[in-house]
Amino acid sequence: MSPAWAQAQEKHVVSSQELSQDATRPAETRGANEAALRQLFSSEQAQNAFKAANIDYSKVDKAVGQLSDGDLAKLAARSREMQRNFAGGRAGSLSDRDLLIIIIIAVLIIALVAVLH
């Protein structure tokens with residue numbers, strides 16, 4: 001075995017630590033995305049919006065866990081954007097538009113899960 005060939009083979013070796021990190025990254029991302037949605041939905045204002053719209057929070061919460069990774073990522077990004085907007089100037093106060101967006105996201109989650117399953 002030539003030294004050049006052995007060196008080339010070493011470049012393709014991936015450590016078990018790197019494999020483990022790569023394997024856990026999607027689960028960590030999914031967990032963070034679920035947490036972002038649940039944080040928004042668990043706020044007092046969102047809970048009040050759910051009650052006003054007769055949406056059962058437990059159904060929304062269960063549906064969050066059943067979303068595809070792609071759908072979850074999109075909704076979590078929207079959730080994070082809304083939370084940044086709240087923190088950026090209207091901390092603690094949600095407009096009617098914000099509450100409507102929360103309700104729409106919740107209904108979309110329930111509908112997506114119902115259609116896909």
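This is a predicted model: local features need pLDDT of at least 70, side-chain atom pairs count only at pLDDT 80 or more; totals for chains, interfaces and linings use all residues.
Contact is taken here to mean heavy atoms within 4.5 Å. Residues are numbered from 1 along each chain as its sequence is written, and side-chain values use heavy atoms, with hydrogens and water left out.

The protein chain has a mean pLDDT of 78, with 74% of its residues at 70 or more. Among the helices (DSSP runs of H or I, at least four residues, numbered from the N terminus), confidence is lowest in α1 (residues 3-11), at a mean of 56, and highest in α4, at 88.

Leaving aside neighbours within four places in sequence, Leu-67 is in contact with Arg-30, Leu-37, Leu-72, Leu-75, Ile-109, Leu-112 and Val-113. Leu-67 is also listed, with Leu-37, Phe-41, Ile-102, Ile-105 and Ile-109, among the residues with the most contacts inside the largest nonpolar core, which has 21 residues; such a core is a set of buried Ala, Val, Leu, Ile, Met, Phe, Trp, Tyr and Cys residues joined through side-chain atoms within 4.5 Å. Two or more residues of this core come from each of α2 (16-41), α3 (44-52), α4 (57-64), α5 (69-87) and α6 (96-116), and α6 gives the most, with seven residues.

Two aromatic pairs are found in the whole structure, where rings of Phe, Tyr and Trp (its six-membered ring) pair if their centres lie within 6.5 Å, and planes under 30 degrees apart count as stacked, over 60 as edge-to-face and the rest as tilted. Phe-50 and Tyr-57 form a stacked pair, at 6.0 Å centre to centre and 25° between the planes. With Phe-41 they form one aromatic cluster. Phe-50 is buried, with a relative accessible area of 1%, whereas Tyr-57 is partly exposed, at 23% (buried, under 20%; exposed, over 50%; partly exposed, in between; 1.4 Å probe, protein chains only).

Notes:
pLDDT is the predictor's confidence in each residue, from 0 to 100.
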